[in-house]
Amino acid sequence: MDGKYINKTHTYGKIWMVVTLLMFLAIPTLICYHLGVSPKLEMIGKGLATVAVVFYPTAVLEVLTYSPLLGVGGTYLGFVTGNITNLKLPVALNSMESAKVEPNTEEGEVISTISIAVSSIVTTVIIAVCVIAFYPVLHNITDPDSVFAPAFQQVTPALFGALCASYLVKHWKISILPIAVLTIILIFNGTLGTGVLIPIGVVVALLGAHLMFKAGMLDKKTK
């Protein structure tokens with residue numbers, strides 16, 4: 001892909017990452033300023049310490065794991081708009097599969113960027129419309145005692161189950177090892193989030209596919 005496009009993407013991507021970060025920090029800052037209060041630094045440090053062990057390494061692993069799949073433009077768009085695991089990554093992968101292009105290619109870069117951009121716009125519009133339309137009855141639908149409550153608890157499994165099924169059928173040989181490893185991990189620690197499990201699964205899948213290819217169990221046309 002043209003180096004000029006990549007350089008501009010990195011430039012604008014970094015700018016908007018900084019702008020987004022400042023916007024996130026501005027909200028609590030303005031609230032504190034308006035109320036005339038300020039959080040204690042020791043309390044902030046104590047709160048960060050409880051989540052840093054999990055979320056900081058996960059943040060680094062997500063960048064390393066998702067970037068090759070999303071491409072340059074898709075990575076910046078995805079991390080600025082958020083919800084990568086549940087929405088942006090499945091959208092990008094499904095779009096590339098439908099267009100019959102591979103990640104980390106020029107075609108994949110274009111398709112990934114467009115799909116994530118469209119997804120962000122559509123998501124924002126749908127959320128705005130739904131909030132306005134369902135506001136009068138929203139508390140009844142999301143109430144723990146509602147008949148719809150079990151459905152809201154299965155949104156993420158349903159999303160990844162539908163996406164994963166097609167890949168398992170097409171690439172079943174290289175799917176066995178990561179599924180087995182993740183299953184064993186969940187048996188011993190069922191509280192791990194997808195932000196930890198996905199990077200582990202990616203690494204295991206890559207190593208397994210490499211070893212299987214070296215052993216002659218796979219070739220470029222074998223799935």
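I began with the lining of the second largest pocket: by class it has nine nonpolar, two polar and no charged residues. My classes put Ala, Val, Leu, Ile, Met, Phe, Trp, Tyr, Cys and Pro under nonpolar, Asp, Glu, Lys and Arg under charged, and the others, Gly among them, under polar.

Ground rules: this is a predicted model, so local features need pLDDT of at least 70 and side-chain atom pairs count only at pLDDT 80 or more, while totals for chains, interfaces and linings use all residues. Residues are numbered from 1 along each chain as its sequence is written, and side-chain values use heavy atoms, with hydrogens and water left out.

**Pocket, continued**

I noted a volume of about 360 Å³ for the second largest pocket. A pocket here is an open set of points on a 1 Å grid over the protein atoms alone, where a 1.4 Å probe fits, with protein on both sides within 12 Å along at least five of seven lines; lining residues have an atom within 4 Å of a point. Points are joined across faces, edges and corners, and the volume is the space filled by probe spheres set on them.

I listed the lining as Met17, Thr20, Leu21, Phe24, Leu25, Ala59, Val63, Thr75, Tyr76, Phe79 and Val80. Which helix gives the most to the lining? Helix 2 does, with six residues.

**Whole chain**

The C-alpha atoms fill a box of roughly 65 × 50 × 40 Å along the principal axes. Of the 223 residues, 21% count as buried (buried is under 20% relative accessible area, exposed over 50%, partly exposed in between, with a 1.4 Å probe and protein chains only). I also checked contacts (heavy atoms within 4.5 Å): among those between residues at least 6 apart in sequence, 60% join residues at least 24 apart.

In helix 3 I found Ile84, Thr85, Lys88, Leu89, Pro90, Ala92, Leu93 and Met96 buried. Leaving aside neighbours within four places in sequence, Ala92 is in contact with Leu70, Ser112, Ser115 and Ile116.

**Loop between helix 3 and helix 4**

I looked for positive phi at residues that are not glycine. Lys100, in this loop, has a phi of about 60° and is exposed at 78% relative accessible area. Asn104 is in this loop too, with a phi of about 65°, and is exposed at 66%.

How many disulfides does the whole structure have? My search finds zero (a disulfide is a pair of cysteine sulfur atoms within 2.5 Å). Cys32 is partly exposed at 22%, and Cys130 is partly exposed at 31%.

I ended on Ile126 in helix 4 (residues 106–134), which counts as partly exposed at 45%. Ile126 and Thr29 are 97 residues apart in sequence and 29 Å apart in space, C-alpha to C-alpha.

Terms used: Helix = DSSP H or I, 4+ residues; strand = E, 2+ residues; numbered from the N terminus.
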